[in-house]
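Q: Please take a close look at a single part of the model that follows. I would like one connected account, with the criteria spelled out.

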Amino acid sequence: MSEASPVKAYALHAGVIAFLFVLSFVLPAYYHGLLARILVLAVFAMGYNMLFGYVGLLSLGHAMFFSVGLYGAGLAVIHLGWSVPLAFLGGIACGAALAVVIGLLALRTTGVAFMIVTMMFAQVFYLVILYFASWTGGDQGMVVPQPARVLTFGATSLDLTDPTVRYMTALVLFSVVLLITLAIVRSRYGRVLVAIRENEERTRMLGYNTFSNKLAAIVVSGAICAASGAAYALLFGYVGSSFASVQYSILPLLWVLLGGAATTLGPLIGTLFMYYVTDVTSAYTSAYLLIVGIALIALVLFFPKGILGSLRQRWLGWLP
Amino acid sequence: MTDKNGFFDLSTTGLTRRTALKGLAAGAGLAVAPGFVRYAQAQSSAPIKIGFQSHRTGIGAAYGRWYEKTTAAAVKAINAAGGINGRQVEVIIEDDGTDPGRGAEMVGKFATQHKTDIVFGTLFSHVVIGSAPAAGENKMPYFVVSEGHHVASTKLNRYVFQPGITDVKSQIQSMAPWIAGNVGKKVTMIYPDFAFGYDHRDYLPPALKAQGADVIAQIAIPPTESSFTKYFPQIPAETEVIYHVMVGPAVLTFVKELGEFYGSNRPQLFGFIDSLEATDINSPGLEFLDGSHFWEGSPRYAQPDDSDAQKAYRAAVGIDDNGAAVGDAKDVSTAAHMFGCWETLYVVKKAMEDAGYKGPEDRAKLVEATEALTAFAEGPEHPQGPKTFNGKIHQCFGIQNISKVEGGKLKVVHKTKIEDGLYEAEGDYTTQAL
Amino acid sequence: MHFGPHLLLAALEGLVTSAVLALTALGLSLVFGVMRVVNVAHGEFFMLGAVLAWAITTAIGGHPALGFLAALVISPLIVGGIALVAERLVLRRLDYNPEATIVATIGMLYIIQQLALTFYGPEARPVEPPFTYRILLPWFGYSGYKLSVIATSALLLVATWLVLTRTRIGLVMRATQYDSETAQAFGIPVDRVYGGVFALGAVLAAIAAVLIVPISQAHYLMGQDPLLLSFIVVIIGGLGSLRGTIVAALLIGMSDGIISMFFSPTLAKIIATLLVAMVLVFRPQGLFGTAAR
Amino acid sequence: MTPLLTTKGLSRDFGGLRAVDNVDFTLMPGEIRAVIGPNGAGKTTFVSLLSGRIRPSGGMIVFDGADITELPEYARVRKGIAYTFQITSIYANLSVYANVALPAQLTQRHGHSPSAVQGAVMDALERVGLADQAAMLAGQLSYGHQRLLEVAMGLALKPRLLILDEPTQGLADSEIDNFIALVREIAASATVLLIEHNMPVVMQLADRITVFNMGSILAEGTPEAVRQNAAVQEAYLGSAP
């Protein structure tokens, strides 16, 4: 199965990226702007999926990785005057560093304890943001000044606040992370991660250091989520503590479960679907949370493997 | 590739469906969404569309509802008097969930989907700050009714205005002389441990110092706290005044527990009514507040010396003499803040008329026209009182009320002067490009 | 205030927090222990209990004690009934799969919260305590009702303990918790036990909420903090350990009050959360549990 | 010739119970060694200590001249000690191919080409006769085939020592014959340590037999010698049902 039809898989991914590229020219302004945001958040979901979908580690604290990237990049611009690329890399580095620390501690636990420990570390991170309000802006957050949000290449400069530039930047980030995910999933390392999810002890007895592999997965996951957060700060110009709250730890879980855990495109589909449902229902009733709630229950009752997971199970076995 | 089309169909069908609905609405004159308030379209010209960013869900929901009521009343009054530039006003409401991320999305939605002329009405500071970049990027005039100091701090951008309600820094500054002169000179502050509280933490001590009074203790309480008694021992015994500014659903508990702690033998109390907005002052447990003082932006209870404008405003919004909804005495309004929605809309009207505003292409002119305003006279358009407006920092300054709790009502005992609350501008938005 | 009275006050406050927390967490712990279900909607059952208490006391009127007692009985029953329906309609059909139930209970959380917002409204509404008696200590006054909450909660915990250890129902529950397959083989209707336990968990949360609502008002978002704290208590106390849950509730409740005597409250919360996380990392079975099976 | 594996004073306690008691054991390269003994004699604990699944309470283990007592299990696997589980422990949700690819890619890490991994996987699957089922989900295999898959996973590690824990348990007689042939073939390239209850299998395969009883080695020798050993007979007849 895993060796089957790589051509089809690559073609599909290239097709999705091409399709998203074309969409930039045909979508009306509102959906264009919304999709740029969804692409950035889908990266967050992909980072989450790396750990939850492929390694089977259910974290309830990924808001901290998203927001460490958000603050890492945002505060570097606000307080240190860093340029956009430097701040972006800084955000990712913060995410990777935090992930190493959290991984070393949290991986001592498994199952429900892992869920709760990650949730508590995220809570600590959230409170730390509030505690250092003079630096972070506390619960109000801070604006990343518009003039600083420019990508400069020699003589040319790209204004990240321009809708097309923003969309294309988001698409580049999304595509790179999507292809990285695909490469990891199809690699030897990806096979080890899935093996850990399926049967950790057996994997150790086949010669793999499962702890270091899981740690590496957390770092990759944390770095991807931080990249999403950093991009969010730089593209949308706001850093705030609400992105570190429990809600933002649950959201990627929902997106991934909806789209299909352990599928490369599932995170995008899930994020898209969730935004779509919210957007449509909120136009008709302010009680859209009710409909989101019902949709969630219906999905787990009737499509327990998520949208792509169910497709893969029934028809498209080759889907990566 | 069929599967790919399959899942992207989601957005495309949605798109066509929405577009179709929009067409239907425009064609048949139907209201398709709640909050899509429509008025008889007598004019030949299209209505002016105001995007209302409302806290319908999330922690701000109690405020959002009254902000909507006041806005609806103001729009009704404006339309009845001929609208703005002869065009009717239409309000389109989107819920931001009291979340900054979603707030920014909604500003984008107003700009690109609803194509509103302005965005208006945000209360919670973090939503304002989170949405401000989106307003600036979309070059969308964004009129907030938040009372935070964020607009006047000039940390946001040229498209963000707060012309309908005085900011908290000014409010605090104008309270200090009265507190020092009438209540006591040794003040202990109790405030929420987040940005709203920090404004009080930072601005009150210097303001009191200037009046010869002192803050002798500052007690910050986390916003999620649901019980407060354990903090009270930190109040120094020599305290003459407890200055409290708690907000959120647990404030009633705060006052009740303070009552249990002190009994009748308490220091003087001075509070910001933010604590008890939308809450009946006669709720069980609040007897303890009798005789204490509150800041009020606009008085909740009808006062004997109310102007005709104030009376007309109260009638239009539908609140009775006790500040509750007409017909439902339990539904207490957020009177101290919501007047800002009314007044802001009239500022928008004035600025649009000054600018000769025709449509979104004139948004820059609207910004400049707003910045050119300097004062608003008391009257039906500004029932809370006269105000000055500083176009460089996009902030208005008005009088403040100090009310005493007497016999289960709030009675205004002092009105500050506008000058009491003026401070040095921290920057200048007008130097920014449009 | 001097250190001694300050400590006394912090301890009293801690006890009230602990008492309510113990009941709430016990509900979560039972569901968690017996069914292996992480009920994210547990806090919403708590909220529902408080909101219903407001509705019931308002409807009955008269002397506050009358309405309160009615609420104390009726509100948990309604909440339990709702939980039972949710369990039958959703959780059972998911076969109690851990991940699916998390998503489903998140869905329930949204639904219950939205319904409360729609029908009850966004305001915080007070419920009058059944009696108002202020106990006057030399250094400060204290609410008599709060002390009665501690006592009531203690009584209910003892009652629950008796049911769990001394009755057939308790035996059946413990057998199911220990090994549901074997229990099934011995003729225990595991399916019905699950339904009952889920309802019981919700009932305990609702009782806790009715007790606390005269102290801190009913509000549609009030379920979030109890959920988080209950999780912490259940984990620290060890899965399905009644004694552990109570000791952990005491520990968390008291430390919350006492740590905040020495540090700024936010810093106190950071330290406390970090400490609990470290306990979990280095003693994942909880402080009082035995190693996981 | 130097021994492939030796243990000195190897012990393991569980609570108050001494499951493995001061065992000195030597295994020569290339042999097929069977470990037998009554239930509870400590056989599985002993091989678990060798593979590193559990830690010894005392004593040392030397593999190929190096002390591996403190090495974690995955490092021992990389040194060439492969272990197949007594209770089948395959990845039921993955394909048969993926099950074997995991160990195969470990030994092919320097070849690094996907085709090298593929070759190693198919080679291992052909040796156990599962090549045709490569695309199936492992969980859908019959029990006997799952046992063979276990062995294939061990083979793909290209071990120097393959530990088989009751490999014929649950196999049909016809499958056992094939299995005996398979182990003989494996023994050409690896040392085999076999825990087995099925005496005919042991007698056919083993070069030498080690008999465990009560956590210690009761006897050791050629099949013939062990069969004649009075102590062994007593242990078996005394405890066997």
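In S9(D), which residue is the bridge partner of Arg33(D)?

A: The bridge partner of Arg33(D) in S9(D) is Arg208(D). Some conventions come before the rest. This is a predicted model, in which local features need pLDDT of at least 70 and side-chain atom pairs count only at pLDDT 80 or more, while totals for chains, interfaces and linings use all residues. Residues are numbered from 1 along each chain as its sequence is written, and chains are lettered from A and ligands numbered from 1 in the order in which they are written.

Helices (H or I, at least four residues) and strands (E, at least two) are DSSP runs, numbered from the N terminus. Two strands pair if DSSP finds at least two bridges between them. Strand S3 (residues 32-36) of chain D and S9(D) run parallel and are joined by four bridges. S9(D) is also joined to strand S10 (residues 216-221) of chain D, here by five bridges and in the antiparallel sense. Val211(D) has Ala219(D) of S10(D) opposite. The two strands S9(D) and S10(D) make a hairpin with two residues between them, and Met214(D) in the turn has a positive phi of about 50°.

Strand S9 covers residues 208-213 of chain D, and five of its six residues are buried. A residue is buried if 20 or more other C-beta atoms lie within 10 Å of its own, exposed if 12 or fewer, and partly exposed in between, with C-beta atoms placed from the backbone. Over chain D as a whole, 46% of the 241 residues count as buried.

Along the principal axes, the C-alpha atoms of chain D fill a box of roughly 50 × 40 × 40 Å. Two residues are in contact if their C-beta atoms, placed from the backbone, lie within 7 Å. Of the contacts in chain D with a separation of 6 or more, 66% are between residues 24 or more positions apart.

Chain D also touches chain A, with 22 residues from chain D and 17 residues from chain A in the contact. On the side of chain D, helix H2 (73-79) and helix H3 (96-107) are the elements that give two or more residues. H3(D) has the largest share, seven residues. This side of chain D divides into 14 nonpolar, five polar and three charged residues. Here Ala, Val, Leu, Ile, Met, Phe, Trp, Tyr, Cys and Pro count as nonpolar, Asp, Glu, Lys and Arg as charged, and the others, Gly among them, as polar.

Chain A is touched by chain B too, in a contact of 38 residues from chain B and 39 residues from chain A. Helix H1 (2-28), helix H3 (100-114), helix H4 (125-137) and helix H6 (195-209) of chain B are the elements that give two or more residues to the side of chain B. That side divides into 16 nonpolar, 13 polar and nine charged residues.
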